Protein chains: 4
Amino acid sequence: MSGFFLPRTMSGRASLLPAPPWFYSGEMLTIEYEAAPGAVASLLPAPLAPVADRPDAVAAIWAEWQCCGASGEELLDPVRAQYKECLLVVRCRHAGRDWSRCVFIWVDSDASLVRGHFQGYPKKLGEIWMTRPALIGRAGPRLARGGRFGATVAAGSRRLMEAEFTIRGQAESAGFVNAHPMLHHRLMPRIEADGEDSLDELVSAASSDVELGPAFIGDAELRVFPSPTEELETLAPRRVLGGFWRRVGFTFRGGRTIADGREG
Amino acid sequence: MSGFFLPRTMSGRASLLPAPPWFYSGEMLTIEYEAAPGAVASLLPAPLAPVADRPDAVAAIWAEWQCCGASGEELLDPVRAQYKECLLVVRCRHAGRDWSRCVFIWVDSDASLVRGHFQGYPKKLGEIWMTRPALIGRAGPRLARGGRFGATVAAGSRRLMEAEFTIRGQAESAGFVNAHPMLHHRLMPRIEADGEDSLDELVSAASSDVELGPAFIGDAELRVFPSPTEELETLAPRRVLGGFWRRVGFTFRGGRTIADGREG
Amino acid sequence: MSGFFLPRTMSGRASLLPAPPWFYSGEMLTIEYEAAPGAVASLLPAPLAPVADRPDAVAAIWAEWQCCGASGEELLDPVRAQYKECLLVVRCRHAGRDWSRCVFIWVDSDASLVRGHFQGYPKKLGEIWMTRPALIGRAGPRLARGGRFGATVAAGSRRLMEAEFTIRGQAESAGFVNAHPMLHHRLMPRIEADGEDSLDELVSAASSDVELGPAFIGDAELRVFPSPTEELETLAPRRVLGGFWRRVGFTFRGGRTIADGREG
Amino acid sequence: MSGFFLPRTMSGRASLLPAPPWFYSGEMLTIEYEAAPGAVASLLPAPLAPVADRPDAVAAIWAEWQCCGASGEELLDPVRAQYKECLLVVRCRHAGRDWSRCVFIWVDSDASLVRGHFQGYPKKLGEIWMTRPALIGRAGPRLARGGRFGATVAAGSRRLMEAEFTIRGQAESAGFVNAHPMLHHRLMPRIEADGEDSLDELVSAASSDVELGPAFIGDAELRVFPSPTEELETLAPRRVLGGFWRRVGFTFRGGRTIADGREG
């Protein structure tokens, strides 16, 4: 049977995902902050360790994407190409180097959800909104000093987080938390639901063909709201470090299996 | 009681709409075509008449907007500011001049729906998608020769229309069908449901503070699909005239009541 | 041109609504409570007055409906027939009698939204959920003592209200607040946006052919959350009076214009 | 780290799924038909074989569920408990016995999507509608001879299938295609995207604590529409065998790993 993902068929046409490469073009709003001491460490399973420098730093990221496979056909049927996401990224230490790691994430399409599960992102569905810059007219901020942006994420009929960002100027980079290759676990419990996993891999992935637009830096606020199905209060901001906005393009071609927990 | 629209309260805060001015910034894809002879005329109630020149011309338009009121607060809570729409615009003759007139339209927010009903647009809810241009990365067309865009609209779990557009170059304008002030009917049947209307007005409205980005012209296709609740087949394209893409900003400050049908 | 509502065409097929009668079958959860003294009165425009007995009583209602026109065709294409709503109903005094009046309401379909605007309900779009009773299996309450139900409403990516209800037993009725004919204003501001209305009617409407299932009475809780676009805190519960659950069927055939504010 | 599914945390509270048992109460509409000869066989990967008797039989099923974990807390926050799905089930032969197998399925919640991926259902997101029976009022069929039901499924802004069902009377069962334990593959491609799978299991699962309401049998129609991302035309009905409607309750407690393709 053919098809990169399920459902597999003779032709592979019904697969929820084409095989990589996957191309992305989009806009990212990043708000970096420090959580309570130990909050990040408590989300890192062994053998991952906190980083030495600013171990409680977190990046709250909103992104709006177009994404397509090698054929590019999704771009002409944009219900298949466009989605938004909101994610919380931390850093961790493993095998002698620093990594970025997504600990919570919400997206608004099924293709993005399962691309994420394939890559080890713990994606749930949510409703994500972020202000778009405007080139003309009065209904949008300019990409210039004073431009103000808002962003929200909701799931389960509840608002989970909201952010505001005001541009102060241009910057050399767009933050340090989400700046490393990603280190994720891919998990699938055994069908027996016996507490064991059928899939338990530590994997890494890095983007290729990265293209970066100008980075804008500014002041930011981030508010976190309670939900019985989330744990955002424990990762709530104690001190906001700054905000960034940038256009990004990249390609995902695959990652690398670092460890298979079933073989350990 | 205060509030521009319902629900009205002491403070007016709960009103689904703030009073104008309403500011818009967005992107528009326009596909102009000729429908079957007489198709446009059959959608014009008396005393509106078809225009003399190319009377069967139609513009199928997809637009993605940010919209806010005078306070601009919606821009920082973008679930309240962003929406998409797809509309079919024709021209008509009345009182010695030509007008544009929206005959069918779908939007994806309640604020936009009732702003439309206030303005005489016959808005329904739908699911609208249109390709966004990309500045970087491989997941989006450039605003340049060869850039390809797709657009779709669905309602009632059915796709109603889909379009493709390929840029050939820049143009002086973005079409002629949607180029006049709008001439619309505002209607509300009597609560007695007796075949009479409590509101039956002919109104006109024009945008102010219009800002236009560069216009791109190109080749276009438009496909129309059947639905038991729509009448798009009768307005289906016989000959596509061309396509256009442009960024637009404008302000809506109100319109003018031309005739009140209740006053005879 | 034909069609009960917009858009009007030669055939009338595209109208967002068929002409009444409209048939409804559904399930209603009602939570009655007392708001702060004067809270209800502050929502009543002159000449409506508070009722003498328990003037601050409010009914928070969740309902899940199937609704169709005379042809019944929507029932075979249920995306057109099914919707949910959440509304706050109060009572008022006018012309020597008591009336019910909806002051805030959220629904999840466009047909319901505009049926509401036609009837004077100040409908907005929202996301509404209510527990369904179960006849078999363990994933739902029974319609019997101890059966527990939840209900939520959200709009603008924010939860606005949530309720819980536990059946104590059967009852003769399902509350007193929503028990009168409805007295509503129908409003449409002038296109000039000059502070005047083109439509400003006081209308009444009552259901006909009402069929009532057994009523269940019980204990209830209701929580109200803040939103910048709503005014629910001012109508928040001070004391819950009780909860009710009942199946309801009825027909809407039209109402009566009581006063036209433009003629006053 | 705790949590049955991702994201795993210290408390496990954020997990998208609680550990089984999972309880279900719902309503199912089943339409059984024969597809083109060989159509079912072409969807069965080795070593699964077609069944000997009526090998081309397919069940198209619409279901509306409430689902909760052992705590039952989802039932009081019904956005977490309710969902709808539409699936195509076939039969296959393996290890000396007959099995049911879901080949295509759409659901409308993330919890259901990933419960499905855990169980080997190839779930995508879709928009599912099915007529509900009514006990009172004129806006719904009765569970009695002549009662008519409709059902639709859409994904990617396209209607994929629609069905109609008219009750003729009661029946002893609700069809034969979906009557066996399920035999599914669970799949996850390697992060290297190298054509190999990290998870490739053949698993079986059967419901427990099954409670069945009265089964209704009747006449049915089923229409299949084209989509570039689906393969329903190849499984389209040649001859409808019949339709069934029934309330169902059951518990999922886990399944059994039959074969691990990585060990083969």
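**Figure 1. Chain D meets chain A.** In this predicted model, 66 residues of chain D are in contact with 65 residues of chain A (contact: heavy atoms within 4.5 Å). The area buried between chain D and chain A is about 5,300 Å². Carbon and sulfur atoms give 62% of that area. Buried area is the accessible area (1.4 Å probe) that two parts lose on being put together, summed over both. On the chain D side, R13(D), M188(D) and I191(D) lose the most area to chain A. Together they account for 14% of what that side buries. Residues are numbered from 1 along each chain as its sequence is written, chains are lettered from A and ligands numbered from 1 in the order in which they are written. Local features need pLDDT of at least 70, side-chain atom pairs count only at pLDDT 80 or more, and totals for chains, interfaces and linings use all residues, while side-chain values use heavy atoms, with hydrogens and water left out.

Figure 2. Six salt bridges cross the interface of chain D and chain A. A salt bridge is a side-chain nitrogen of Lys or Arg within 4 Å of a carboxyl oxygen of Asp or Glu. R13(D) and E233(A) meet in a salt bridge, at 3.6 Å from N to O. The interface of chain D and chain A also holds 32 residue pairs in polar contact, both residues at pLDDT 80 or more. A polar contact is a pair of N or O atoms within 3.5 Å; within protein, one must be able to donate a hydrogen and the other to accept it, and residues adjacent in sequence count only if both atoms are side-chain atoms. Several elements of chain D give two or more residues to the side that touches chain A: β4 (97-107), α1 (110-119), β5 (123-125), β9 (182-189), β10 (197-205) and β14 (255-260). Helices (H or I, at least four residues) and strands (E, at least two) are DSSP runs, numbered from the N terminus. The residues of this side of chain D divide into 30 nonpolar, 16 polar and 20 charged. Ala, Val, Leu, Ile, Met, Phe, Trp, Tyr, Cys and Pro count as nonpolar, Asp, Glu, Lys and Arg as charged, and the others, Gly among them, as polar.

**Figure 3. The axis that relates chain D to chain A.** A rotation of 180° superposes chain D on chain A, with 0.0 Å of shift along the axis and an RMSD of 0.0 Å. The C-alpha of L199(D) is the nearest to the axis in chain D, 3.1 Å from it. Copies are superposed by least squares on the C-alpha atoms of residues with pLDDT of at least 70 in both. Of the interface residues of chain D, 98% are also interface residues in chain A, so the copies meet through the same surface.

**Figure 4. Chain C meets chain B.** Here 66 residues of chain C are in contact with 66 residues of chain B. Chain C and chain B bury about 5,300 Å² between them, 62% of it on carbon and sulfur atoms. Six salt bridges are counted between chain C and chain B. One of them joins R8(C) and D197(B). Their closest N and O atoms are 2.9 Å apart. Between chain C and chain B, 32 residue pairs are in polar contact, both residues at pLDDT 80 or more.

**Figure 5. The two-fold relation of chain C and chain B.** Chain C superposes on chain B by a rotation of 180° with 0.0 Å of shift along its axis, at an RMSD of 0.0 Å. That is the relation of a two-fold axis. The same surface serves both copies: 100% of the contact residues of chain C recur in chain B. L199(C) comes closest to the axis among the residues of chain C, at 3.1 Å (C-alpha).

**Figure 6. Two cis peptide bonds in chain B.** P20(B) and P21(B) are joined by a cis peptide bond, with omega about 15°. P21(B) lies in the segment before β1 (22-34) of chain B. Another cis peptide bond joins A46(B) and P47(B), with omega about 10°. P47(B) sits in the loop between β1 and β2 (57-68) of chain B.

**Figure 7. A193(A) and its loop.** A193(A) has phi near 50°, a positive value in a residue other than glycine. A193(A) lies in the loop between β9 (182-189) and β10 (197-205) of chain A. Chain A has one helix and 14 strands.
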